[in-house]
Amino acid sequence: MSGTDAVMRRVFAVREREAMDAATEAALAGLAARVRELTEAVVHTAVDPAEAAAVAAEVAALAARLNAARRAEPPIARIGGNGLVRQLANPVSGALNPVAPPVEIEFTPDGGVRTAFTLNGVYEGPPSFVHGGVSAMVLDQLLGAAAAANGTPGMTATLELRYRRPTPWGVPLTATAKVSRAEGRKTWADAVIAGPDGRTTVEATAMFIMPVGAHGDGGSSGDVADGDAPRG
Ligand SMILES: CCCCCCCCCCCCCCCC(=O)SCCNC(=O)CCNC(=O)[C@H](O)C(C)(C)COP(=O)(O)OP(=O)(O)OC[C@H]1O[C@@H](n2cnc3c(N)ncnc32)[C@H](O)[C@@H]1OP(=O)(O)O
């Protein structure tokens, strides 16, 4: 993606944040994984009210321990020395964010991106099925990654979802995305989520707009939210 780096840097660079070192990143990823388990346990627990209250007090004490040293903003890690960053606490793909499933995105030889993931009961919408907003969030991230993989990253301007079938939770899902067209500052991409049987459950189309200045035409990328930094 080297030809893309300059554009990515202008659209997504996070200049003001200190990058996290690998040892801290690994430790916090482990912490986030345990908190994910805790969240799932909270959603499914059938303990009695006294036990729930006792656990709540312990969790409050743990939060106080973590808050003893706080970062003002979510962490990033640098990719090489060119200004590119991974957004470690991205709510979809961030290993350090307990809210993220997390969904790990990889590039595909055809220029698109894909992911294989499982959502648990934490993400339930209709009984037995994934919440439609969660599917939209996963697809937005995947579509954004496809735009980036194409060398034309941008901010989501439109996101259209077609929910064809309910998406079950607790089973392996796959999702793919690919750019269909890029024109000026605009990039269109399509994506699908498929269930274990390979049948599409959700289709999505999005249009991304590269902010003014991101082409390196003298403008600034300072308007771009840090939250849209690449995850790597
Ligand atoms: C191996 C691992 C791989 C991983 C690799 C990682 C990669 C890393 C991926 C990161 C993936 C992040 C994925 C999440 C991405 C978000 O979540 S982004 C957050 C949600 N989106 C936003 O907050 C966007 C908010 N809106 C904005 O910032 C601005 O409105 C925009 C979208 C930048 C456009 O502003 P602008 O450049 O000032 O637009 P403007 O000059 O007025 O209009 C330009 C053109 O676009 C059109 N337009 C503008 N806005 C719209 C709109 N909303 N709808 C339709 N048309 C529009 C205009 O009509 C105009 O059209 P033309 O007249 O040129 O034909």
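What share of the 232 residues in the chain is buried? Buried residues make up 31% of them, where a residue counts as buried if 20 or more other C-beta atoms, placed from the backbone, lie within 10 Å of its own.

The structure is a predicted model, in which local features need pLDDT of at least 70 and side-chain atom pairs count only at pLDDT 80 or more, while totals for chains, interfaces and linings use all residues. Residues are numbered from 1 along each chain as its sequence is written. The predictor's confidence in each residue, from 0 to 100, is called pLDDT; its mean for the chain is 88, and 83% of the residues reach 70 or more. Over residues 217-232, however, pLDDT stays under 50. Where pLDDT is low, the predicted coordinates should not be read in detail.

The chain contains 4 helices and 8 strands, which are DSSP runs (helices H or I, at least four residues; strands E, at least two) numbered from the N terminus. Along the sequence, their order is α-α-α-β-β-β-β-α-β-β-β-β.

Strand E8 may now be followed with its partners. Two strands pair if DSSP finds at least two bridges between them. Strand E5 (residues 155-163) pairs with E8 (residues 200-209) in the antiparallel sense over 8 bridges, and Thr158 has Met207 in E8 as its bridge partner. Strand E7 (residues 186-194) also runs antiparallel to E8, joined to it by 9 bridges; here Ala194 is the bridge partner of Thr200. E7 and E8 form a hairpin with 5 residues between them, and Gly198 in the turn has a positive phi of about 85°.

Methods
Two residues are in contact if their C-beta atoms, placed from the backbone, lie within 7 Å. A residue is buried if 20 or more other C-beta atoms lie within 10 Å of its own, exposed if 12 or fewer, and partly exposed in between; C-beta atoms are placed from the backbone.
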